[in-house]
Amino acid sequence: MIKIATIAGSDASGGAGLEADLKTFEEYGMYGMAAVTLIAAMDSRHEWAHKVFPVAEDALRAQLETVFRGVGVDTVKSGMLGTFYAVELAAEYLDAWHIRNYVLDPVMICKGAEALNPELNVVIAEKLLPLAELVTPNLFEAAQLAGMREVASIEQMREAARIIAGKGARNVFIKGGSKLHEIEAGTPKALDLLYDGRDFHLIEDELFDTAWTHGAGCTVSAAAAAGIARGLSVHDAVLSAKRFITESLRRSFALNRWVGPGNPSGWRAGHLFR
Ligand code: PXL
């Protein structure tokens, strides 16, 4: 059994964060573990406003001990870290246990929430990018990591990817998705870019006209980690992750009037019924 772990926040509504990661690992047939960095809860009486409760440093360290020493793990993904000590602990354990298959999803904010620590981006870039086999920023996160004012075109995605790779990540996958489509008017596809330090691969996929995309970023990053855990090249892992998220979003649904996630088992329905 392939063992894979996420170091991430819990999304009580179940669509993003470590819940999305674990569901994705399950679909890829792997044994998933989680070290919780923070707990996010949402208030239905206040427009689904997010509230974030960090997990104490000693509690996070104890979980990392469980995962890395107690069980052992081949591949690790990180999501929302939220505090300086979470970034430092993640770096400490990834480094000490020589984890090569590390996928960094540099989650900086979730919709409707205040960033816990906006300055965290600098520490994430400094401590975690050099450890990452793959980093998976969205357009906003790519601009932050690259120190650019904005990333709003394919050319700027290329530039950001080059800068981020220069800071130590071995592969950079910038999730333009539906956002880049809006910017590059007339493009009927979701657009993402993979940079392996040498070549750029523009990845186009089906675009859905839906607001129910909660957790898509977490999911695509977890799916890429699962592919890498399975032994795929980063390029093939990303292509698999794109297929996975496309089938998930094809069957996305509303949880309430504010939020709707993809369906992580969507690819199975597609397999059976199309
Ligand atoms: O989608 C980003 C995200 C990541 N992690 C947690 C979240 C969210 C968004 O809600 O709650 C824990």
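Visitor: Which residue forms a salt bridge with Arg 158?
Guide: This is a predicted model, in which local features need pLDDT of at least 70 and side-chain atom pairs count only at pLDDT 80 or more, while totals for chains, interfaces and linings use all residues. Residues are numbered from 1 along each chain as its sequence is written, and side-chain values use heavy atoms, with hydrogens and water left out. A salt bridge is a side-chain nitrogen of Lys or Arg within 4 Å of a carboxyl oxygen of Asp or Glu. For Arg 158, the closest N and O atoms are 3.2 Å apart, and the partner is Glu 155.

Visitor: In which helix do Arg 158 and Glu 155 lie?
Guide: Helices (H or I, at least four residues) are DSSP runs, numbered from the N terminus. The two residues are 3 residues apart, about one turn of the helix, and both belong to helix 6 (residues 154–166).

Visitor: How many salt bridges does a search of the whole structure find?
Guide: One of them joins the side chains of Glu 92 and Arg 61 (2.9 Å, N to O). This pair links distant parts of the chain, helix 3 (residues 84–96) and helix 2 (residues 57–71). Asp 21, Lys 77, Asp 105 and Lys 175 are linked in a network of salt bridges. Over the whole structure, the search finds 16.

Visitor: Is Glu 27 buried or exposed?
Guide: The side chain of Glu 27 meets that of Arg 268 in a salt bridge (2.6 Å, N to O). Glu 27 lies in helix 1 (residues 17–27) and Arg 268 in helix 10 (residues 266–273), so the pair ties together parts that are 241 residues apart in sequence. Buried means under 20% relative accessible area, exposed over 50%, and partly exposed in between (1.4 Å probe, protein chains only). Arg 268, at 41%, counts as partly exposed, whereas Glu 27, at 17%, counts as buried.
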